[in-house]
Amino acid sequence: MKSALTIAGSDSSGGAGIQADIKTMCANHVFATSAITALTAQNTLGVTGIMDVTPEFLGEQLDAVFTDIYPDAVKIGMVSSSSLIEMIAKKLKEYKAENIVVDPVMVATSGARLISEDAIETLKKELLPLATLITPNIPEAEVLSEMEITDEASMVEAAKKISENFGCATLVKGGHQINDANDLLYRNNSYAWFKGKRINNSNTHGTGCTLSSAIASNLAKGYDLDTSVKRAKDYISGALGAMLDLGKGSGPMDHSFAIDNEYTTEYEG
C-alpha cells in the first residue's frame, strides 16, 4: 500500500484538517500518516481556539514519519506561523520529499485572514517553491498573484503568475460566484479546465482539505497530475452529493460515501 503524509491542523469536529485528510486518504486507499501543526477547538459554527505546536515538536513528528513509513506524497494544509513553515521546508528538503501538494490556507470563506503577513511571505519564499502543486481558492489566488480575480480570464492570468513565480503547478479552485465548481490547472505555459457539477449542498466544511488530500492520494498511487485532479474532483463530488447533514452550521461531507463492505452494515438489533 502506498502512503501519504498530511501536515496540517487538527479539527475537533472532524470535518476539516487532518481528520478530513486521513478520512480522504483512507477512502482513496492509501495509508495516512500525520504531523500536526496546531490543535483547534472548532465545530461547524466556527473556530473558538487555536494552539500551535512548537517548531521543534513538529520537526520530531516529521522525523518520526520520514524515517519509518516514508510517504509517497505529502499534503500540507494550515500552517499559521513562519517558524513552523520554515521547519516544514527544512524537513521536506532534508528527506527529499516528492509529490508535495500545498493547500495555502490563508483566507477563510468569509474573507478573514487566517495567517499573518510575515507567515504569508515565508510561505511564498520557503514552501511554495518546493510544491508539486498548490491549490488556492479565489481569495488565496488573489493574495499570491497580487491581482483581482473577477472572471475566468483573470483566473487564467492569476494562475499563470502564480505558477511562474513559484515554479509549480497551480490549481485555482472555482466558486466564489465566478464559475461555480470549475477549477483551472496551470503548468508549463498551458492550462486545462476541470469542470465540476454544482451540488446544492450548504454543508461544505473541509472541501479544500479534502480535495488537496485526494489529489495527494492519487499522486501517491502513481497517477499523473491531470488524472489525480480529475479523480479527486470526482471523489469530492460524491462526498458532497451524499448530502450528509450534521451540525448546526456548515457541516462536513460524507468522506466514506463509497465504502460499502461487511463492516459498514448498520446494526438492526
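Ser81 touches Asp52 and Ala119, leaving aside residues up to four places away in sequence; a contact here means heavy atoms within 4.5 Å. Ser81 is found in the loop between strand S4 (73–76) and helix H3. Between Ser81 and Asp52 there are 8.5 Å in space, C-alpha to C-alpha, and the two are 29 residues apart in sequence. Helices (H or I, at least four residues) and strands (E, at least two) are DSSP runs, numbered from the N terminus.

This is a predicted model, in which local features need pLDDT of at least 70 and side-chain atom pairs count only at pLDDT 80 or more, while totals for chains, interfaces and linings use all residues. Residues are numbered from 1 along each chain as its sequence is written, and side-chain values use heavy atoms, with hydrogens and water left out.

**Helices H2 and H3**

- The axes of H2 (residues 55–66) and H3 (residues 82–94) come within 9 Å and cross at roughly 25°; axes are lines fitted to C-alpha atoms, for helices over the stretch in contact, and angles run from 0 to 180 degrees between N-to-C directions.
- That angle makes H2 roughly parallel to H3 (under 35 degrees is roughly parallel, over 145 roughly antiparallel, 65 to 115 roughly perpendicular, and the rest oblique).
- On the H2 side the contact is made by Pro55, Glu56, Leu58, Gly59, Leu62, Asp63 and Phe66, and on the H3 side by Ser83, Leu84, Met87, Ile88, Lys91, Leu92 and Glu94.
- By class, the contact of H2 with H3 has eight nonpolar, two polar and four charged residues; Ala, Val, Leu, Ile, Met, Phe, Trp, Tyr, Cys and Pro count as nonpolar, Asp, Glu, Lys and Arg as charged, and the others, Gly among them, as polar.

**Helices H5 and H6**

- H5 (residues 138–145) and H6 (residues 152–166) have axes that come within 9 Å and cross at roughly 55°.
- H5 is therefore oblique to H6.
- H5 and H6 cross in a left-handed way.
- From H5, Ile138, Ala141, Leu144 and Ser145 meet Met155, Ala158, Lys161, Ile162 and Phe166 of H6.
- The contact of H5 with H6 comprises seven nonpolar residues, one polar and one charged.

**Positive phi in loops**

- Most residues other than glycine have a negative phi.
- Lys96, a residue other than glycine, has a positive phi near 55°.
- Lys96 lies in the loop between H3 and strand S5 (100–102).
- Lys96 is exposed, with a relative accessible area of 63% (buried means under 20%, exposed over 50%, and partly exposed in between, with a 1.4 Å probe and protein chains only).
- Glu146, also not a glycine, has a positive phi near 55°.
- Glu146 is placed in the loop between H5 and H6, and is exposed at a relative accessible area of 64%.

**Cysteines**

- The count of disulfides is zero, a disulfide being a pair of cysteine sulfur atoms within 2.5 Å.
- Cys26 is in no disulfide, and the nearest cysteine sulfur, that of Cys209, is 15 Å away.
- For Cys209, the closest cysteine sulfur is in Cys26, and 15 Å is too far for a bond.
- Cys26 counts as partly exposed because its relative accessibility is 48%.
- Cys209 counts as buried because its relative accessibility is 16%.

Conventions. Left-handed = near helix turned anticlockwise from the far one by under 90°.
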